[in-house]
Amino acid sequence: NPMGEADDEQKLDRKMDALLAGIWEKSKPVMAKRVALLRAASETIQSKGALPADEHEAAIFAAHNLAGVLGTFGFQDGTEAARSIESILFGRQATLADAEVLASMVATLEEVMQR
C-alpha cells in the first residue's frame, strides 16, 4: 500500500528528526565551549597580535571539530565559518590582520549556537 509506506516514511523522518534534535541538545554544551575557546583566541589575537602555540593548536582543533559537527546537524553557515577559521589558523600563526575576519566568523558561530 503506497499510502501506508508514505506514512511509515514520514513517521521515520519525524523519529530521526527528534533523535538528531536530542543529540544536538546534548552536544551543545561541548560545542559552546569550543566556540568560547575560539572567541578567546580571536580576542587574544586582537590584543596581542598572535596566539601561544598551545592555544593555537586548541583553536585549530576546535574549528575543525565544529566544522564537522555543525555540518552533521545541518548548520551550513556554521560549518563554513568554522572552516574559514581553520583555514586562517592552519599552517601559520594568525596575525592582527586576521583578527577582524576571525571575530566575524566567531560571531556567526555564536549565532548558530543560539538556534
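**View A. The salt bridge between Arg 115 and Glu 111.** The side chains of Arg 115 and Glu 111 meet in a salt bridge at 2.8 Å, N to O, where a salt bridge is a side-chain nitrogen of Lys or Arg within 4 Å of a carboxyl oxygen of Asp or Glu. Glu 111 is partly exposed, with a relative accessible area of 39%, the classes being buried under 20%, exposed over 50% and partly exposed in between (1.4 Å probe, protein chains only). This is a predicted model, in which local features need pLDDT of at least 70 and side-chain atom pairs count only at pLDDT 80 or more, while totals for chains, interfaces and linings use all residues. Residues are numbered from 1 along each chain as its sequence is written, and side-chain values use heavy atoms, with hydrogens and water left out.

**View B. Asp 77 and its link to Arg 115.** A salt bridge of 2.5 Å, N to O, joins the side chains of Asp 77 and Arg 115. Asp 77 lies in helix α3 (residues 76-89) and Arg 115 in the segment after α4, so the pair ties together parts that are 38 residues apart in sequence; helices are DSSP runs (H or I, at least four residues), numbered from the N terminus. Asp 77 counts as partly exposed at 29% relative accessibility, and Arg 115 counts as partly exposed at 40%. Salt bridges that share partners join Asp 77, Glu 111 and Arg 115 into one network.

**View C. Glu 110 with Arg 39.** The structure holds 4 salt bridges, and one of them is formed by the side chains of Glu 110 and Arg 39 at 2.9 Å, N to O. This pair links distant parts of the chain, with Glu 110 in helix α4 and Arg 39 in helix α1, 71 residues apart. Glu 110 is partly exposed, at a relative accessible area of 29%.

View D. Ser 42, found in helix α1, counts as buried at 3% relative accessibility. Leaving aside neighbours within four places in sequence, Ser 42 is in contact (heavy atoms within 4.5 Å) with Ala 99, Leu 102, Ala 103 and Val 106. Ala 107 has its place in helix α4 (residues 99-113) and is partly exposed, with a relative accessible area of 36%. The C-alpha atoms of Ala 107 and Val 35 are separated by 9.2 Å, although these residues are 72 residues apart along the chain.

Notes. Helix = DSSP H or I, 4+ residues; strand = E, 2+ residues; numbered from the N terminus.
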